[in-house]
Amino acid sequence: MKKMWVLMLVTVLLLSACSSGGGGNTASEGEKTSNEITIWAWDKAFNVAALETAKEAYQKQNPDLKINIIEYAQADIIQKLNTGLNSGTSSGLPNIVLIEDYRAQSFLNAYPDAFKDMSSTIKASDFAEYKLGPTAFDGKQFGVPFDSGVTGLYYRTDLLEQAGYKAADLQDITWDDYIKIGKDVKAKTGKDLITLDPNDLGLIRMMIQSAGSWYSKEDGKTPDLAGNAALKEAFVTYKAMMDANVVKLNSDWSQFVAAFNNGDVATIPTGNWITPSVRQEASQSGKWAVAPLPKMAGQSNSVHASNLGGSSWYVMNNVAGADQAADFMGKTFGSDKQLYQDLLNNIGAIGTYKPAAEGEAFDKADEFFGGQKVFADFAKWTQEIPSVNYGINTYAIEDILVVEMQNFLNGKAIDDVLADAQKQAEAQLN
């Protein structure tokens, strides 16, 4: 009889373990209180530094919560997150994780129950509208929008002046105008207009988002390549730059930065996160300015504002301490206007929290940029970025487009390029 009771007890325990998923990843686990939370992020000088600033602000009022900030490379975070979520257990996962906006929908679609609904913790309408598409799912707000990838046209004022151009000449231009300027700069100074990595389609992304377009349809899943007018024009414009002989090629980040630090190129159309890299060449202080991004000539809805990059914070739903993690996010990145002033002053990080989009930090004249109030300009352009659905396949589709771009540059007809890319995307992703 004693052995029978022992056997029954073991059976009950095993059934109980099975019903809870075997790894403690239950719906209630994330609701358990904890005096310690862990956050994963990449980039020590930017994202991790922003977290340290937020941690310091939060702990002034909440000193008992221990906040562990762990830096990983972005690729490592993606791998660890996928591995953990696929395993069905929350063991080893953080309370908060930084996810790039281009990748967010793939995680939210695949693991909607893994992330905490932040709809009642933050006010979504307080953030730049273009950030809400990537961070929301099924009518709920999961992400806490963070930095702006708002773009601008960084340019060397001295080189442009040598070619006969002033600041006013760059204020309302198309990419066609931009290429013409590049030809003049090359003829007068010998400098290239831009540096590009053939395997990086960031320039294409900036162009098409300025026209409210993306690689997929509004559902975020169906490829939209053949017949995509904005994408077609972006490809044609890219080739026109190459054909104009105004492009200095690069193959990695270090070569990209060296091209403008060494004075080899006259402009950098890219996200505002490049500012610290531009500043690192102190001898060029006063020789740079930032103009609005050129718009697409053939797209009537194209504007002088776009985005490149950017990321947002997500609270893991099934990790003990989820409520404390949500409180930390809500009281820092979700509502603290002074925090965003500090992030701008100390790191140069432009957030997307609209109530903090003005103030002393934004109003400072920047001598490196010739006295221009560059942060105020970027804050203004952030509000003008068209909203698009990045969907779940941005990088998978770009893998196809990178190859087809080379085919296009080598003479393949543009309509055939996009039609073939469409077929490949449909075959691989559907």
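Me: What stands opposite I96 in β3, and what makes the strands β1 and β3 a pair?

Reply: I39 stands opposite I96 of β3. Two strands pair if DSSP finds at least two bridges between them; 2 bridges join β1 (residues 36-41) to β3, and the strands run parallel. Helices (H or I, at least four residues) and strands (E, at least two) are DSSP runs, numbered from the N terminus. The model is predicted: local features need pLDDT of at least 70, side-chain atom pairs count only at pLDDT 80 or more, and totals for chains, interfaces and linings use all residues. Residues are numbered from 1 along each chain as its sequence is written, and side-chain values use heavy atoms, with hydrogens and water left out.

Me: How do you know that β3 also pairs with β12?

Reply: Between β3 and β12 (residues 311-315) there are 5 bridges, in the antiparallel sense. In β12, S312 is the bridge partner of I99.

Me: Why is β3 called largely enclosed?

Reply: Buried means under 20% relative accessible area, exposed over 50%, and partly exposed in between (1.4 Å probe, protein chains only). In β3 (residues 96-100), 5 of the 5 residues are buried, so the strand is largely enclosed by the rest of the structure. In a regular strand the side chains alternate between the two faces of the sheet. Both faces of β3 are covered, with I96, L98 and E100 buried on one side and V97 and I99 on the other.

Me: Why is the pair of Y102 and Y395 called edge-to-face?

Reply: The structure holds 24 aromatic pairs. Rings of Phe, Tyr and Trp (its six-membered ring) pair if their centres lie within 6.5 Å; planes under 30 degrees apart count as stacked, over 60 as edge-to-face and the rest as tilted. The centres of Y102 and Y395 are 6.2 Å apart and the planes stand at 90°, so the pair is edge-to-face. Y102 lies in helix α4 (residues 101-110) and Y395 in helix α15 (residues 394-409), 293 residues apart.

Me: What makes R205 a charge over the ring of Y102?

Reply: A charge sits over a ring if NZ of Lys or CZ of Arg is within 6 Å of the ring centre and within 35 degrees of the ring normal. R205 lies over the face of Y102, at 4.6 Å from the ring centre. The charged end of K239 sits over the ring of F408, 5.9 Å from its centre.
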